Amino acid sequence: MMKNRKADDRGLPCEGESKKGALRRRLASSSGFTMVELLLAMFLVAMLTGVVGGGVSVVQDAWHKVVLKADAQVALSMAIHAVTAELRAADPSTVTIDSDNTQISFDSVDRGCKMTLCGPGSEDLIYYKALGKDDKIGLMTQKSCPNGLVPKTSFTYDKDNKLFTCKITIEREGRIYASQEIKVRPVNAL
């Protein structure tokens, strides 16, 4: 014979009923979640979203810094190549440097004209211009230097040793991302 069981509204097991059976009975008769359960679930979801969102932001910042550093290294390499090629073609007896060491002028054996090597210009970041002409010819343009990176140059020339020293820095908003000092001896200096 079966005993008459009284259902417990709180979900506690009745006499002779297992805990599992009481839980099934409560879930079957339950009409929804309580306000406290809903608030607790919403709080947990909000906390998880905040943690995940914060982690994504940190990863994005780190990725952006890595990309900037890589782009700066590429821009530095291109600037070194461009400046070195022009300085190697300089006639050492015609070299002049301006007072702030940012422009250097010389006769170019390769180009057959007097050149001024400058940087940075408005659109051409490192450019040259044949003296007597206002046309600028870009050695490095904005397209070759992404993410707002700008190469800056300074020159010195040792007349006794016939040796150029050029410091090239790649900057963005005043922060240096790459820098290199190169020494170049003109081909005609030997």
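Author: Start with Tyr157. Tyr157 is buried, at a relative accessible area of 14%. Buried means under 20% relative accessible area, exposed means over 50%, and partly exposed lies in between (1.4 Å probe, protein chains only).

Reader: What should I know about the model's basis?

Author: This is a predicted model: local features need pLDDT of at least 70, side-chain atom pairs count only at pLDDT 80 or more, and totals for chains, interfaces and linings use all residues. Residues are numbered from 1 along each chain as its sequence is written, and side-chain values use heavy atoms, with hydrogens and water left out.

Reader: How do I read the confidence, and where is it lowest and highest?

Author: pLDDT is the predictor's confidence in each residue, from 0 to 100. The protein chain has a mean of 80, and 77% of its residues reach 70 or more. Confidence is lowest in strand β4 (residues 124-130), with a mean of 66. Strand β8 (residues 175-184) is highest, at 94. Strands (E, at least two residues) and helices (H or I, at least four) are DSSP runs, numbered from the N terminus.

Reader: How many aromatic pairs does the structure hold?

Author: The criterion comes first. Rings of Phe, Tyr and Trp (its six-membered ring) pair if their centres lie within 6.5 Å; planes under 30 degrees apart count as stacked, over 60 as edge-to-face and the rest as tilted. The structure holds two such pairs. In one, the ring centres of Phe106 and Phe164 are 6.5 Å apart and the planes are at 55°, so this pair is tilted. Phe106 sits in strand β2 (residues 104-108) and Phe164 in strand β7 (residues 163-172), so the pair links distant parts of the chain, 58 residues apart.

Reader: Are Phe106 and Phe164 buried or exposed?

Author: Phe106 is buried, at 0% relative accessible area. Phe164 is buried too, at 0%. Tyr157 and Phe164 form a tilted pair, with ring centres 4.5 Å apart and planes at 40°.

Reader: Now the charges. Which side chains meet in salt bridges?

Author: Side chains of opposite charge can pair when their charged atoms come close. A salt bridge here is a side-chain nitrogen of Lys or Arg within 4 Å of a carboxyl oxygen of Asp or Glu. A search of the whole structure finds two. One joins Glu171 and Lys152, at 3.5 Å from N to O. Glu171 is in strand β7 and Lys152 in strand β6 (residues 150-158), so the bridge ties together parts 19 residues apart in sequence. Glu171 is buried, at 15%, whereas Lys152 is partly exposed, at 36%.

Reader: And Lys183, which residue does its side chain meet?

Author: Glu181, at 3.9 Å from N to O. Lys183 counts as exposed, at 53% relative accessibility. Glu181 is partly exposed, at 47%.

Reader: What about nonpolar side chains on the surface? Which residues form a patch?

Author: Patches are made of residues with over 30% relative accessible area and no salt bridge: like charges are joined within 9 Å, nonpolar side chains (Val, Leu, Ile, Met, Phe, Trp, Tyr) within 5 Å. Accessible areas come from the Shrake-Rupley method with a 1.4 Å probe; for residues, only the protein chains shown count as cover. Leu40, Phe43, Leu44 and Met47 form a nonpolar surface patch, with about 420 Å² of accessible area together. Leu40 belongs to helix α2 (residues 35-88).
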